[in-house]
Amino acid sequence: MLFEDTYKTIKVPVEGLFKDRGSKFLAYAYPIEHENEVKPLVENLKKEHFKAVHHCYAYRLGLDRNNFRVNDDGEPSGTAGRPILNTLLSQDITNILVVIVRYFGGTLLGVPGLINAYKSATVEALAVAEIYEKTVNDVYNVSFEFVQMNDVMKVVKEFSLKIRNQTYDNQCTMELEFRKTLTNQVIGKLEKIDGILVEYLMTV
C-alpha cells in the first residue's frame, strides 16, 4: 500500500451561521496543527459568547481517521460534537477545529433537530472556507562541517528542499523540510556525505 502524503485542510479561519426555530448556531472553523491549540481557541469563544448556552466542538488531526475529539458541552450525547466530526470526515478535511456556539431560542429542537443543526452549521462554515491540499512533510536537522556545504547544497537543490533554519560556522546546522515520500532518497544522499549527522525532528 502506497503511503498517502497529501491531505485537505482550510487556509484561514472562517465562520458560518445556521438558524432553527429561534436558536442560532454560530460555527467557527480554524486550521490547527496540534491538540494544544484547541483549548485557547475554545476558551476565547466562551469569553466572547459568554451568554451562549453551549460551545460544542470537534477536531481532527493528521491522516488517521481515529485522531479526533468531540465535545457536546451539555447537549444530549451524540447530538453536537459527533455531527460536526462526521461532516469533517465526509468532506475528508483534517487539521481542523470546528466550534459551534449555540444561542437557545426558546424551542427544544429534539435529537434529530440538534444533529441537523450542528451538521448544517458546520457545512455553512466549510462552504466559505478555502480548502486546499497540503503534503505530509518530514523535518530533519543536518549537522556538517563548513567544507561540506557545497555537497549538502547540491542535495538541497536536487530535491528542492525547504530550509527552515540554518546556522553557518565551522560546524553548520540546517533544518530541512521535505515530502515524506522523498525521505529515503534524501536521507540516502545526505548520509553519503562524510561526517554528516542527520537527525529526525518531526512530521508536519
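How many residues does helix α3 have, and how far does α3 reach from its first C-alpha to its last? Helix α3, residues 110-127, has 18 residues and reaches 25 Å, close to the 26 Å expected at 1.5 Å a residue. That expected span is 1.5 Å times one less than the number of residues, and helices here are DSSP runs of H or I with at least four residues, strands runs of E with at least two, numbered from the N terminus.

A quick note on the model: it is predicted, with local features needing pLDDT of at least 70 and side-chain atom pairs counted only at pLDDT 80 or more, while totals for chains, interfaces and linings use all residues. Residues are numbered from 1 along each chain as its sequence is written, and side-chain values use heavy atoms, leaving out hydrogens and water.

Back to α3: its buried residues (under 20% relative accessible area, with exposed over 50% and partly exposed in between, 1.4 Å probe, protein chains only) include Gly-113, Leu-114, Ala-117 and Tyr-118.

Now the rings. Phe, Tyr and Trp rings (the six-membered one for Trp) pair if their centres lie within 6.5 Å; planes under 30 degrees apart are stacked, over 60 edge-to-face, the rest tilted. That gives four aromatic pairs.

The Tyr-140 and Phe-178 pair links distant parts of the chain, strands β8 and β10, 38 residues apart. Both Tyr-140 and Phe-178 are buried. Phe-18 is buried at 18% relative accessibility, and Phe-25 at 0%. Ring pairs also join Phe-18, Phe-25 and Tyr-118 into a cluster.
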